[in-house]
Amino acid sequence: MLNLICLESSVAYQEFSVLEVIKKINNVDDQGFFLPYVQRDYVWGTRYQAEERICNLFDSVFKGYPIGSIILWKTNEEIPFHYFIQDLDSDTTRSTNQDNGVHSISKHLVYDGQQRLQTLFSVLRHSFNGKVLAFDLLSDSDVDMDDTGFRFIDRNSPHEPHLLKLNRLFSKDIEKENAFRRELRNEITLDLDEKQEELFEDNFHKLWMAFRTNSLKPLVAWIVDEVKEEKVNQIFMRLNTGGIPLTRAELMLSTLSVGNTDIHDFLKDLTEIIENQSGGYVFDTSELLRFLNQIVKGNLRIDVSQTSKDEQQEILGILDENFEKPVTKFFEQFLKVEFNITSNSLIPQKYALYPLIVYFYKLWNKGNKDYNHLNEPQKMLVKKYFIISQLKAWNLQGDIDQSSRKVIEISDAPSWSGDFPLADVIAIVKAKNKRGTEIEEVDLANNSWFALKIIRKDTVFLFSSTKSGRINPELEHIFPKGLYPDKDYKQEVNILWNLDAISGQINNQKKNKHPKEYFQNNQSFFDHYKFLPDLNSAEWDDHKLFIEKRKERMINEFTRLYDITITK
């Protein structure tokens, strides 16, 4: 045991075998290992990537390699915690099993190492994505060094007798090694040659030593013995130099949870509400924390070390329906209803949204008003800020912070009429960065997806991550780039005014056909496009004329919708 003194606290060093760790996990009677109330989701990549990483993790244990360090907080303070998940799957990546009133027990909270411990626990005791990990007792790493011998198999399906399920191995009495070895050998009815017999004996012995004894200790734990959770957070930030370090938002969430254990669930639930009511836009907990930070401190940058106790209490104090309602209404009433924007991918400048969300928050809390209560001139101010800030890339943190503070300052005045302070924000951007605020043709051309969305505001661009095939919209060249081999032609048609957002299925069918010919033979698809001339128009005979005329129609529509003049 190596003891260190760090920040006036005792930090102990201890080695653990896999067997010792598994016995500790979720054990309320023996100073067990549990998850802090604030935890990150299980994040080991896609299902295939996760299975590959798990096999490599178990191969390291099997071969006696170290698998890194973990950080534990030893405490008997009355702090709520979560149990580790038993059967881990892609739909259950975060524990919701709480301590049920036993949070005063002596325990170790896992501050770093959750992913590895959760993996070991689920695989050795339960299941992973409906599968179990097995080891091929006849595998030979000398023949194939890339084959670890570990592989996932269906939990209930028949399998070759030489594949040993790890959860079966782990269920056996630690005193019955020889009896279990004979049991397994009898199950293998194949006639094994001398080499295979040696492989069986050697592999089984290594497995047993690695997972059913305390002989190998591949895990190192730094155990912090400290009363105050704030001090533990400071120690964690200094010790956590490997693995996947907590983000600033996660550290802030951990600190805030000391004052309100429900904050994580509140923000998680709000994220889901926003996604459901917006039709798919994901505004995650870290973004919600930035917004809270901006309301209270006037800036986006989260830094728990620079957030006072009073500021933390102020953040916790505004987490109610008067916070939830206006945030949700921004995504539902403004992005979804006004623009049919239901996907993050359509917003090029995410930070530029924050002054608007602050505005919605102040609007609601100054009189329970939302976007639908605004008159048309007030709505136009909001739309103009949204469009200009996106097209002119107002995404610098300093601009956003100062703009949000201006919204708060003006909205707090007794005489505030409810207008969004667009002129003041424009003045801030101009003075601070000498950046232009007039929309030019190139601004639209450089933001094709966003430009098409706001010009085609009544059209929904449906994005799906679950459906197969080319369902999602794609940028389609009306005059195809491959129609002619000429390089100048390819450059001329590769521009916004020749683009439209069309289902990938239609795009795939159209391919390199001349648009007039294609539409004449596929009249039903003609209406999927916008700003097209009649099929008898001479524009179809000259791609340059088509592009020039379509640009005029698109810019005219933009100006009609938003009263914004486009300059060349």
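In which hand of crossing does α9 pass α12? The crossing of α9 past α12 is right-handed, a crossing being right-handed if the near helix is turned clockwise from the far one by less than a right angle, and left-handed if anticlockwise.

## Basis of the model

The model is predicted: local features need pLDDT of at least 70 and side-chain atom pairs count only at pLDDT 80 or more, while totals for chains, interfaces and linings use all residues. Residues are numbered from 1 along each chain as its sequence is written, and side-chain values use heavy atoms, with hydrogens and water left out.

Helices (H or I, at least four residues) and strands (E, at least two) are DSSP runs, numbered from the N terminus.

## Helices α9 and α12

The axes of α9 (residues 263-278) and α12 (residues 321-339) come within 9 Å and cross at roughly 25 degrees. Axes are lines fitted to C-alpha atoms, for helices over the stretch in contact, and angles run from 0 to 180 degrees between N-to-C directions. α9 is therefore roughly parallel to α12 (angles under 35 degrees count as roughly parallel, over 145 as roughly antiparallel, 65 to 115 as roughly perpendicular and the rest as oblique).

On the α9 side the contact (heavy atoms within 4.5 Å) is made by F266, L270, I273, I274, Q277 and S278. α12 contributes F323, E324, V327, T328, F331, E332 and K336. By class, this contact has seven nonpolar, three polar and three charged residues. Ala, Val, Leu, Ile, Met, Phe, Trp, Tyr, Cys and Pro count as nonpolar, Asp, Glu, Lys and Arg as charged, and the others, Gly among them, as polar.

## Helices α10 and α13

α10 (residues 285-297) packs on α13 (residues 354-365) at an angle of about 65 degrees, with the axes 11 Å apart. That makes the two helices roughly perpendicular. α10 passes α13 in a right-handed crossing.

E287, R290, F291, Q294 and I295 of α10 meet Y354, I357, V358 and Y361 of α13. Six nonpolar, one polar and two charged residues make up this contact.

## Helix α5

In α5 (residues 177-187), the buried residues are E177, F180, R181 and L184 (buried means under 20% relative accessible area, exposed over 50%, partly exposed in between, with a 1.4 Å probe and protein chains only). Seen down the axis of α5, they fall within an arc of 105 degrees, so they line one face of the helix; the arc is that of the directions from the helix axis to the C-beta atoms.

The face turned away from the buried side carries the exposed residues R182 and N186. Cover for the buried residues of α5 includes β9 (163-165), α4 (166-171) and α6 (194-211).

## Loop residue E539

E539 lies in the loop between α22 (523-526) and α23 (543-562). E539 is buried, with a relative accessible area of 9%. Not counting residues up to four places away in sequence, E539 touches F479, P533, L545, F546, K549 and R553.
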